[in-house]
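The following exercises ask for a reading of one model, with a worked solution after each task. Please examine the sequence and coordinates before turning to the solutions.

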Amino acid sequence: MHATSPVSDGGNQFGNSQVARQTDNGTSRSRQSSGKPRRRSFLGRLLAWSLALVFLILLAPYVLILIYASPQVQPISTLMLGETFNGRAYERQWVDFDAIAPVLVQSVMMSEDGQFCAHDGIDWEALNLVIDDALEGEATRGASTIPMQTAKNLFLPPHRSILRKALEIPLAMWMDVVWTKKRQMEIYLNIAEWAPGIYGIEAASQAYFGVPAAKLSARQAALLAVTLPNPIMRNAANPSSGMKRLAGIIEKRASQSGAYIKCLYD
């Protein structure tokens, strides 16, 4: 009979503990190695979702422009949305293009965008002049067309920036493709801000002169037109001497604008 050596049990215990440590180390390394790809995978998905969201935000205005081509749709501006979100009331009564005095349309065109009927949404000549002036360090003039202003009012923030201008240009060109010139003017005149809380030509006509947009006189139309660039500071019903002078110029131009408005009044 052979005696059982106690050393063998110790050896087995030592071997088992060594295997256990190796197993633990292997498990730990596998956890560490599997954790990194998981984090990278999460970041990749987050980046993909972020890019998809930005794409959808940039695409949305182009889809809305297609929807707004319908005469039954009455769009609202970002400023009107801002009034609503801030709990402030505003006035806007939609009015069809044919219910707006032609003299108002003529006055706005001569004041804001004299080449409205001739361009494709962008007055490239005026825009190039502005760019040249900026590059030379000179004070720049406005080169926003009515479609560009409409794009800003409908979809973009009011604050001036190079980015906003870059976004306006393709939107304005897409509007010119999808909408008729008459629809462009109709939407612009119904979303433009004419005073704090006053949007659209019908509300402006009633607020300033107590008449509907269809009954505006040439002088009233000219005063409303020169109010547009600064509706917060300018008051068509109580014009400054400078406003009266500008209105006189616009009134004269409007009376001679027959060749410029053929796209609106065939």
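A residue is called buried under 20% relative accessible area, exposed over 50% and partly exposed in between, using a 1.4 Å probe and protein chains only. This is a predicted model, in which local features need pLDDT of at least 70 and side-chain atom pairs count only at pLDDT 80 or more, while totals for chains, interfaces and linings use all residues. Residues are numbered from 1 along each chain as its sequence is written, and side-chain values use heavy atoms, with hydrogens and water left out.

**Exercise 1.** Describe the secondary structure of the protein chain and the burial of helix H3.

Step 1. Helices (H or I, at least four residues) and strands (E, at least two) are DSSP runs numbered from the N terminus. On this basis the protein chain has 10 helices and 2 strands, in the order α-α-α-α-α-α-α-β-β-α-α-α from the N terminus.

Step 2. Of the 266 residues in the protein chain, 36% are buried. In H3, 9 of the 11 residues are buried, so this helix is largely enclosed by the rest of the structure.

Step 3. The buried residues of H3 are Val103, Leu104, Val105, Gln106, Ser107, Val108, Met109, Met110 and Glu112. They pack against helix H5 (146-155), H7, H8, H9 and H10, where contact means heavy atoms within 4.5 Å.

**Exercise 2.** Locate the largest nonpolar core and state which residues in it touch the most other members.

Step 1. A nonpolar core is a set of buried Ala, Val, Leu, Ile, Met, Phe, Trp, Tyr and Cys residues joined through side-chain atoms within 4.5 Å. The largest holds 38 residues, and Leu104, Val108, Met185, Leu189, Trp194, Ile201 and Leu224 touch the most other members.

Step 2. Two or more residues each come from helix H3 (102-112), helix H7 (181-191), strand S1 (193-195), helix H8 (201-209), helix H9 (218-227) and helix H10 (241-255). Another core, of 14 residues, lies apart from it and includes Ile65, Tyr68, Trp94 and Phe155.

Step 3. Leaving out residues up to four places away in sequence, Leu104 touches Leu189, Ile201, Leu216, Ala221 and Leu224.

**Exercise 3.** Determine how the axes of H3 and H7 cross and which residues meet.

Step 1. Axes are lines fitted to C-alpha atoms, for helices over the stretch in contact, with angles from 0 to 180 degrees between N-to-C directions. The axes of H3 and H7 come within 12 Å and cross at roughly 90°. H3 is therefore roughly perpendicular to H7, a label given to angles of 65 to 115 degrees.

Step 2. Leu104, Val105, Val108, Met109 and Glu112 in H3 meet Met185, Tyr188 and Leu189 in H7.

**Exercise 4.** Is Gly121 buried or exposed, and how does Asp120 compare?

Step 1. Gly121 is buried, with a relative accessible area of 0%, whereas Asp120 is partly exposed at 33%. Gly121 is placed in the loop between H3 and helix H4 (124-135), and Asp120 lies in the loop between H3 and H4.

Step 2. Beyond four places in sequence, Gly121 touches Thr145, Pro147, Met148, Ala172 and Asp176, and Asp120 is in contact with Ala172, Met173 and Asp176.

Step 3. A polar contact is a pair of N or O atoms within 3.5 Å; within protein, one must be able to donate a hydrogen and the other to accept it, and residues adjacent in sequence count only if both atoms are side-chain atoms. The side chains of Asp120 and Trp124 are joined by a polar contact of 3.3 Å.

Definitions and conventions: Angles under 35 degrees count as roughly parallel, over 145 as roughly antiparallel, 65 to 115 as roughly perpendicular and the rest as oblique.
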